[in-house]
Structure formats: structure tokens, C-alpha cells
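This report looks at how one chain is arranged, and then at where that chain meets its partner. The sequence and the structure come first.

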Amino acid sequence: MDFLVDCRSLKKSYGRRPVLHDFSLQLERGRIIGLLGPNGSGKTTFIKILAGILSKNSGEIKISGRQIGIESKKIVSYLPERTYFSPSMKVKDTIKFFEDFYKDFKRERAEQMLSGLDISLNSKIKELSKGTREKVQLVLVMSREAELYLLDEPMGGVDPAARDYILKTILTNYNENASVIISTHLISDVEKVLDDVVFIKEGNVVLHQSVDEIRRENGMSVDALFREVFAC
Amino acid sequence: MLGKLLKYEFKAQGAMYLGIYLIALLFSVIAVASDKINQALNGNPVFSVMRVLSLAAAVIALIAIFIITVVMCIIRYRNNLLKDEGYLMHTLPVSAASLHFSKLLAGIIWFIGDIAVLMISVGILTEDFRFTWIKSFKVILEQSGLKIDSGMAFVFVLYIVLSVISSLSMFYACLNLGSLSYSSKGIMAFVWYIILYMVGQVVSVIGLVILCIVQYGSNFAVLFQTQTDMAPTGFVMGTFVTSVIIAVILTAAYNFASLYILDKKLNLE
């Protein structure tokens, strides 16, 4: 099968502390996937390796058949869990920046979404609240026609009303040939939009199943299963 | 893509550099204007003090420009490639080489700007845009036994340019080597600076010793003789050429280390 993400025997450690052990995962196209696990389980590390900002120690990883590098970055849209724009930039500068570097960026889509959120294009990044900065980044990331969207804690710093808007944004903007990987702790909030979930524990995949199968086979929600699997 | 990256470098820092350049030039103009007014008024105490203060400010501003450029180059590289902004820069579909060399090229261009402002300021302060003081400097050097021809001038300028490139490359290599640490990246970058600085000094000394042996054999005493058949011109030229070769080798090593880390060992925790 032609997987969008094909990761085999991936290993990564921070110094002597191993984070991913023999991590293997294959993801299909057209799915919204929840990457779930407790703190320090390796979710962010895996996403960073996919995004190309962290090097692996060993193993194979391909996105749409491409090694991690310039070619994979053309088709991956990454939202980190931190603000990455220079504070001195204006919102309209960030749009221009994305337009300059990503051929698949849709300016009209970004401007429409920002307008819907009442975010002025002339606002400076440093003048925006943390939540609004996160919204700007999400809008830009979702305004690309990428094949893989990597969203690391996309709702970490926003209020519940904004979370719904973010989920709506994700649902309405990704195309059917693309997949979205969402790493989050807010399982109950995202559960309704997920097709598949991947549970990660101590650097290994312990479960990769569709949400429908989980509900059918276990008779419980993803949130309830997560609490059961990762009970302290 | 390198062109686009450079465009954003100038956009991000252009206003700041323009500001400090204008301040330095303004102090030079005020110093000359104060001097002219002081002379016209046959020694007005206000303009006399103003002349001294603005001249001091101009000199301080000209020195500060170079220090600010070094500091800003380091901060810009660290913040834009190795801190939070790196999460955006390293996910752009551009090569690590483009990211790295855009910073290096921008730094070189700012240094060229610094030198241009320095020359203009000196021109304003000396009211001599033909830079005749350079000729005077040449005469003084020639009186000490040096024969300065266009070849030596070229190698000297080349050495200055390469020194700037080599220094910037070393700072960037230190930041990249420091970024490999999982706990104290800043401290490790400083430790790497000390290590690379010492290695650079050792390599330079070895290079110069080799030059001495090649040129004079074991008769080092000739270096300390001022009036001799073996005038120091050849040695000075040899020193510059050796320094240029060493700078090229070290610059290549620093850039290789940076590119290897950015491409193969990137560690944005």
C-alpha cells in the first residue's frame, strides 16, 4: 500500500535519554489522526522529526515516498506548539512570507479566515494575545494545500469557543488526499473529528485503530479508553 | 530561494542598521559644522564644547557600529535558526545551505555597509573625500622599509574581507555546535568559541612558523633587523598570503561544521 507516512524502526534519544524506541507507524491519506499519549511519550518528538526540525538517530521515515528534506517540506504544513513569527512582523507580513515560500499557499483563504476571526492584517504579532497568535499560525498553516498537516497541541492556549472554531477550520480546509495529525491532550474536544487514533506510550505505538472500531470493539469513547490505557 | 531569504534578512534588520548609520553620520556632520561655526565665531565656548562632544560621539558611534553588527549577526542567527523562529525557518522548503549562507551573506553586506559609513564619516570629519590620508599612511609604511604595491594592497584587502567572513563563520559554527547540547546550548556555544578560537590561534602560529622556516631557514634573527638586504616586504607579503590561506581553510571548516549540523543533526528541542 502507498502510505502517506511510512515510518519504520525509528529511534531517537536526547543525549542518553531514549524517547522513541523502534517506533513504526504507517498512516494513510485522507484521515484525521489523533496522536495521543501522556507527557514525554514521544508525540512531539515524532512530529518534529516528520517536520524536519529534529534529526533521527536511526530508522526509516518517508512522507509520500520522500525522505525528510526539501521535497517533504513542500508537502508538509506544520504547526508547532510555540509562536514562531518574529514579534516585529505584522499579520500581513506573515501572509506574504508564506506566499513567498510555499507554492501551495492560498492567500484568499487565509485573509478570509483572519477576517472571520476579526484579526486585522495590520496588527503586529507582538501586540496580539498568545491565543490570537496561535490562531494566526493555525490559519496560515491550514491555508496551504499540503498533503500532510502536523498540528502539535493546536488548542493548547485557546478558550473552548476558539477550540470549536479551530476544529471547524481544520475540517473545512484539509483536502481528501491529505491527512491531518493532531497531537493533543484535549481528547474529548477533538474526538468528534478524528478518524483514527494512535496511542503512544514510552516511545512506542501501543494502539493504532479507527475511532469507529474503538467504539465498536471496546464500547467506550477514545477519551475513556485513553484513561484506561494510561491510568497512573 | 537564497534571494528571498536575503530579502527577509534586510527587511528584518534594515531599519535598525539605517538608524545607526544615520546617527553615526549625523554626529560627524555636527562635529564638522560645530568646528566651522566655532572658527567663524573665533572660539565660541558653546560650539567648542559641542565640537569636542560630537566628535567623541561620532568616534564612539563608528566603533559601536562594528560591535553592534557582530552582536546582531550572532543574535539574529541564534533567534532565527536555532530558537523559536527556527521552527518556521527549518520547515521552509529551502536547503540548510540557503538558510546558513543567507545569514552569512547578510552579515558580510552589513560589514561592507559599516566600512562604507566609516569611510564617509572619516571623509566628512577630515573634509577629504579623496582620502589622501591613505597615501600618507602608505608613505609612513614605506619609510619603515616596506614596498607597498598593488599586489600587496590586494592581498591585504582580501585578508580583511576573509577575516570578517571567517569570524562570522566561526561565531555561527559555535552556535550550531552549542545547539547539539541538550541542556545548556548557550554555555556550550561559548565553550566552543573558546575551543575554536584557541585552535585558530594554534593553526595561525603553525602557519607562520612554517612560513618563517620556508623563507629564512633557521636564521630567524633577520626578522628583527630593520635595515638589511632582506627587507621585510617579502615577509609581510608572505604573512598576508599565509594568513589568507589559513583563513580560507578555517572558514571552510567552520562552514562545513555548520552545514553538517543544520542538515544532519538539527536539534530544535
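## Two domains in chain B

In this predicted model, the centres of domain 1 of chain B and domain 2 of chain B, taken over C-alpha atoms, are separated by 25 Å. The contact draws 19 residues from domain 1 of chain B and 17 residues from domain 2 of chain B. According to the domain assignment of chain B, domain 1 covers residues 1-129, and domain 2 covers residues 140-269.

## The interface between the domains

The size of an interface is often given as the accessible area lost when the parts come together. For domain 1 of chain B and domain 2 of chain B, the area buried between them is about 1700 Å², and 83% of it lies on carbon and sulfur atoms.

On the side of domain 1 of chain B that touches domain 2 of chain B, the elements giving two or more residues are α2 (45-82), α3 (86-89) and α4 (96-126) of chain B. Of these, α4(B) provides the largest share, with nine residues. By residue class, this side of domain 1 of chain B is made up of 13 nonpolar, four polar and two charged residues.

## The interface between chain B and chain A

Between the chains, 24 residues of chain B are in contact with 28 residues of chain A. Chain B and chain A bury about 2400 Å² between them, and carbon and sulfur atoms give 62% of that area.

Two salt bridges are found across the interface of chain B and chain A. One of the salt bridges joins K7(B) to D100(A), with the closest N and O atoms 2.8 Å apart. The same interface of chain B and chain A also holds 13 residue pairs in polar contact, counted where both residues are at pLDDT 80 or more. On the side of chain B that touches chain A, α1 (2-40) and α3 of chain B each supply at least two residues, and the residues of that side divide into twelve nonpolar, five polar and seven charged.

## Fold and confidence of chain B

Chain B contains eight helices and zero strands, and its pattern, read along the sequence, is α-α-α-α-α-α-α-α. Along its principal axes, the C-alpha trace of chain B spans about 65 × 55 × 30 Å.

The mean pLDDT of chain B is 88, and 94% of the residues of chain B reach 70 or more. Within chain B, confidence is lowest in helix α5 (residues 132-143), where the mean is 78, and highest in α3(B), at 95. Helix α3(B), where confidence is highest, is also among the elements that supply residues to the side of domain 1 of chain B that touches domain 2 of chain B.

Conventions. Residues are numbered from 1 along each chain as its sequence is written. Chains are lettered from A and ligands numbered from 1 in the order in which they are written. This is a predicted model: local features need pLDDT of at least 70, side-chain atom pairs count only at pLDDT 80 or more; totals for chains, interfaces and linings use all residues. Side-chain values use heavy atoms; hydrogens and water are left out. Domain bounds come from an automatic or database domain assignment. Contact means heavy atoms within 4.5 Å. Buried area is the accessible area (1.4 Å probe) that two parts lose on being put together, summed over both. Helices (H or I, at least four residues) and strands (E, at least two) are DSSP runs, numbered from the N terminus. Ala, Val, Leu, Ile, Met, Phe, Trp, Tyr, Cys and Pro count as nonpolar, Asp, Glu, Lys and Arg as charged, and the others, Gly among them, as polar. A salt bridge is a side-chain nitrogen of Lys or Arg within 4 Å of a carboxyl oxygen of Asp or Glu. A polar contact is a pair of N or O atoms within 3.5 Å; within protein, one must be able to donate a hydrogen and the other to accept it, and residues adjacent in sequence count only if both atoms are side-chain atoms. pLDDT is the predictor's confidence in each residue, from 0 to 100.
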